[in-house]
Amino acid sequence: MTASPPAQVTGLTALPPRTVEFRGARGGQAALTWGQQGIWRSTRWLDDGDPYFNLAWTLPVTGAAGLDAVLRAVGRLVERHETLRTAFARAGEGAGEGDGEGGEDGGEDTVQRVSREGRLTVGVYEAAARPMSAAKELAAELAATGFDYAAELPIRCAVVCQRGRPRVLALALSHLALDGWSLNMVAAEWPRLVAGEDLPEPGRQPLDQAAFERSDSPPGGQALWHWRTGLASAPRSMFDFPMREPEEPRFVRHGMDSPAAAVAAEALAARHGVTTSSVLTVASAALLAAVTGHRTAALQLIVSNRHHPGMEAMAGPAAQDGLCVIELGAGATFADALRHGHRRTMATYRNGHYDPALVHAAWEAEAWDRGADIDLDAFFNDVRQAGRWQGLPPVDPGDAAALATLRARTRTFFVGAYSKVKARIFFATGPTPSTCEFYVLVDTAFLPGDVAGRMLTGLEELLVRAVSEEVPLDRVAKVAGLDPVPRPTGWTAIGHDWVDLPATEELLRRACGTDLAAVVVEDASDGAGAGAGDGAAARLTGYLVASPGLDTPEAVHSAVMRAAAGRTDVLAPHHYVLCAAPPAGPAGWPACPRLIEGGGRAPSSAMTVLGR
Amino acid sequence: MRERVAELVSKASGGDLAVADILAAECSLPALGLTSIAYLRLIDLLEVEFDCDVDLDGGHLDTLDGLVEHIAGQRK
């Protein structure tokens with residue numbers, strides 16, 4: 001494999017680059033680990049060459065190490081962590097031949113290929129002043145170009161010197177190679193490697209992890225069960241309301257630096273016996289539910305998976321998405337939600353290691369049964385080291401005046417706008433230990449961009465308010481200063497889901513190519529239809545005149561599901577009634593003579609054949 | 001069993017929390033300083049040690065005594 005030459009950056013004097021030769025203990029090839037599959041799928045969703053998942057990073061060089069010592073340390077780093085000499089290519093293709101095409105590639109046909117040896121070109125620069133600032137700029141420049149995952153090392157680096165002495169290593173890394181946990185591992189090893197220490201070899205590498213995940217007794221059985229129950233209880237989308245004209249670029253991210261929110265979250269965590277991570281997760285869920293009109297919130301949490309034995313010592317992506325469904329029932333308070341939500345978040349973090357293919361199958365099966373794509377594009381990621389803050393301001397959260405004074409230090413800011421992100425909303429902490437650094441990204445095709453900023457100030461207000469008073473969940477939107485999305489006439493709640501009934505009827509007609517069809521909300525006293533929650537006793541019944549090829553509930557359901565793909569406003573009828581002829585008037589469908597009826601979900605479902 | 005569970009809490013914390021402090025604590029384990037990741041390690045350790053299934057929705061699992069009570073109930 002080769003590496004791209006270091007970038008040219010103004011403000012730095014480029015010296016001749018150096019070449020680091022490395023030779024690790026082994027090379028090899030294996031299927032992707034489950035963690036690699038997660039990142040791989042995300043990268044495939046973007047255009048080739050998109051640098052969104054690149055990590056710009058710097059490592060200071062302390063002591064009096066010379067350039068050769070720093071280069072040796074870089075070599076040792078690449079040698080000891082196989083992930084830093086791993087390419088990703090389609091099975092059967094050589095390095096450089098796999099272009100990674102195929103937007104639907106979930107990683108099943110892709111392999112990780114570890115090179116035992118190779119060369120890495122390392123840029124060398126002289127900084128006149130402020131080498132760390134210059135190195136950060138250089139790292140950003142190195143990370144501005146997407147990696148060629150099949151042919152390029154997933155690491156680019158350059159040494160920034162001052163008066164000839166190395167001061168900083170500037171890096172660009174592929175997220176396919178390292179996650180946040182791995183970065184911390186490398187940061188801890190780096191000064192020891194520069195000092196020439198001989199570190200013990202890592203206990204596990206991604207090749208080992210892949211073998212473990214494909215063993216005869218693979219992990220993940222309990223996690224699959226967690227996903228199945230979560231899928232069944234989650235709203236089919238948190239974004240089941242009318243779309244809007246998106247802004248340009250479509251995805252907008254805002255940030256906040258609020259020591260007051262951190263102090264308040266610490267106080268709430270201590271009071272209710274939960275973690276600050278759970279406080280932030282539940283607050284995010286409550287804000288999202290309040291804006292979108294839900295009493296159940298579903299978030300995907302980014303799970304580090306480092307509590308599993310062996311995985312804590314592996315450099316490489318181990319994180320996967322975990323499904324967290326939180327009940328935010330009527331009459332409950334935010335404090336109630338914290339206690340319940342903490343258990344749900346812990347269960348989610350515990351069940352984040354699974355075979356993505358099996359979860360995908362469960363996801364598809366639930367969608368088929370529910371009658372809509374299950375859209376879980378709402379995320380939460382806590383990137384703080386060990387999931388907590390340190391060194392917060394010594395403010396008594398019970399002192400309202402002191403907390404108010406602290407709030408004067410809150411700063412909100414615009415982060416950026418992006419044309420393509422696989423999320424409708426993304427809540428995330430930042431790594432800063434001494435303040436609540438928090439981010440919200442929204443998809444402006446659903447929510448105005450300024451909602452991202454208002455959610456940040458709303459989060460702070462909710463947390464601070466909850467320290468001094470009980471906040472009923474029904475008042476979260478008002479407390480946070482957020483406006484619930486409006487739904488026009490014709491939208492109704494069916495179980496956890498909001499449904500545009502006229503659009504659903506139109507969908508049934510279009511899918512079946514007939515105007516002789518109607519969708520009616522009926523009582524589901526036989527237990528069929530929506531699950532627990534609002535409108536639990538209601539179900540949608542689709543009436544239509546049977547036609548060739550569309551003469552069974554199964555055929556009709558297939559046609560409706562195809563037509564509904566990707567939509568968050570419609571829901572396939574729970575029950576289909578096929579008639580021989582239309583009624584005299586629109587209200588007459590239920591009384592029409594029936595040819596056949598059923599849910600259409602499976603051939604063995606409670607389908608009743610009448611008169612055939 | 002209480003002492004053994006406290007030992008496992010300490011082990012899960014990587015030794016950051018001392019057994020004596022855990023036994024004497026009158027606050028929840030998160031308030032004592034047990035991180036989320038250490039808590040998850042603890043649940044795994046408890047299930048192996050006591051051959052039980054810890055249901056995270058079982059409630060009151062944020063204190064030493066709550067955990068002991070839960071495990072005792074599981075083993076009946």
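The model is predicted. Chain A holds 15 helices and 22 strands. Its radius of gyration is 27 Å, close to the 25 Å that the globule rule gives for 612 residues, so chain A is as compact as a globular protein of that length.

**Dimensions and packing**
- The C-alpha trace of chain A spans about 90 × 65 × 45 Å along its principal axes.
- Buried residues make up 56% of the 612 in chain A.
- Among contacts in chain A with a separation of 6 or more, 78% come from residues 24 or more positions apart.

**Surface and charge**
- Chain A has an accessible surface of about 24,200 Å².
- Carbon and sulfur atoms account for 53% of that surface.
- Chain A carries 56 positive side chains and 71 negative ones.
- The centres of these two sets lie 5 Å apart.

**Asn381(A) in its setting**
- Asn381(A) sits in strand S12 of chain A, which covers residues 378-381.
- The relative accessible area of Asn381(A) is 18%. Buried means under 20%, so Asn381(A) counts as buried.

Key:
Residues are numbered from 1 along each chain as its sequence is written. Chains are lettered from A and ligands numbered from 1 in the order in which they are written. This is a predicted model: local features need pLDDT of at least 70, side-chain atom pairs count only at pLDDT 80 or more; totals for chains, interfaces and linings use all residues. Side-chain values use heavy atoms; hydrogens and water are left out. Helices (H or I, at least four residues) and strands (E, at least two) are DSSP runs, numbered from the N terminus. The radius of gyration is taken over C-alpha atoms; the globule rule is 2.2 Å times the number of residues to the power 0.38. Buried means under 20% relative accessible area, exposed over 50%, partly exposed in between (1.4 Å probe, protein chains only). Contact means heavy atoms within 4.5 Å. Accessible areas come from the Shrake-Rupley method with a 1.4 Å probe; for residues, only the protein chains shown count as cover. Lys and Arg count as positive and Asp and Glu as negative; His and the chain ends are not counted. The place of a charge is taken as NZ of Lys, CZ of Arg, CG of Asp or CD of Glu.
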